[in-house]
2 protein chains.
Amino acid sequence: MSKPIPEQLRDLFDKPALAHLATLMPDGRPQVTPVWCDYDGRSVRINTSAGRQKDKNLMRDGRVALSICDPDNPDRYLEVRGRVIERTLEGAEAHLDSLSRKYMGTDYPYRRPGDQAITYCIEPEHFTFMD
Amino acid sequence: MSKPIPEQLRDLFDKPALAHLATLMPDGRPQVTPVWCDYDGRSVRINTSAGRQKDKNLMRDGRVALSICDPDNPDRYLEVRGRVIERTLEGAEAHLDSLSRKYMGTDYPYRRPGDQAITYCIEPEHFTFMD
């Protein structure tokens, strides 16, 4: 069921455009927060810290949606619906630095003792967009 | 259970800051899209067209979450979780124009024949934020 991100909207992942990631709470209600993301050609990848609400929600139920607006054109946006196909600690600190360079221009400066970065890979299944 | 938006974050509703509204699909998956919104002191209000996916989802299950970033400070955001307390056609066209003036500086210019504006009032129940 995996589908590639439509070609004409891939530039959204090259820009420091925040994604708003919706997950599901234990009772099925939605939760949504801004996240950094990138696209590796197959998965949309986000990074979070172990034990956060997002992490708990994604471990329990991998069904997600995310919405990204073009910061240079408010009429352009992409919604991706999909599911988590991988949760990994491997390379997750380097991934966090890579996202930080994209969004802030520098390696991630806010690490606290005990923080454990985690990379989630999300397989896109459905899109809505305006372009 | 209704809670007022924290005072120090109300300015987000005075700015043309898009909200990303998460709703639930029939099978319980999340859906999320950018929307215009305002705050009337009690409810967060959004506007949509009759028959849209958002409208169908909100009629079936009024549990929502929305996330708003400060366009002037990417470290500042607010997440609101809550539920629909009203769906109304009354005043909905004027509400759409009011939102359009806030976000585009002009009355809503994209009406198409057959479009029916609908105002949804969302009662806030829970917040997460960074300020």
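**View 1. The open sheet of chain B has seven strands in the order β2-β1-β5-β6-β7-β4-β3, with antiparallel pairing.** Its edge strands are β2 (30-35) and β3 (37-39) of chain B, each of which pairs on one side only. From one strand to the next the twist averages 30°. Strands are DSSP runs (E, at least two residues) and helices are DSSP runs (H or I, at least four residues), numbered from the N terminus; two strands pair if DSSP finds at least two bridges between them. The model is predicted: local features need pLDDT of at least 70, side-chain atom pairs count only at pLDDT 80 or more, and totals for chains, interfaces and linings use all residues. Residues are numbered from 1 along each chain as its sequence is written, and chains are lettered from A and ligands numbered from 1 in the order in which they are written.

**View 2. Strands β5 (residues 63-70) and β6 (residues 73-88) of chain A run antiparallel and are joined by eight bridges.** Two residues lie between β5(A) and β6(A) in this hairpin. A:I68 has A:L78 in β6(A) as its bridge partner, and A:L78 in turn is bridged to A:F129 in β7(A). β6(A) pairs with strand β7 (residues 117-130) of chain A in the antiparallel sense over 11 bridges.

**View 3. A:A19 lies in strand β1 (residues 19-24) of chain A.** A:A19 counts as buried because it has 26 C-beta neighbours inside 10 Å; the cut-off is 20 or more other C-beta atoms within 10 Å, with C-beta atoms placed from the backbone. Apart from neighbours within four places in sequence, its contacts (C-beta atoms within 7 Å) include A:V35, A:C37 and A:I68.

Technical notes. A residue is buried if 20 or more other C-beta atoms lie within 10 Å of its own, exposed if 12 or fewer, and partly exposed in between; C-beta atoms are placed from the backbone. Two residues are in contact if their C-beta atoms, placed from the backbone, lie within 7 Å. Axes are lines fitted to C-alpha atoms, for helices over the stretch in contact, and angles run from 0 to 180 degrees between N-to-C directions.
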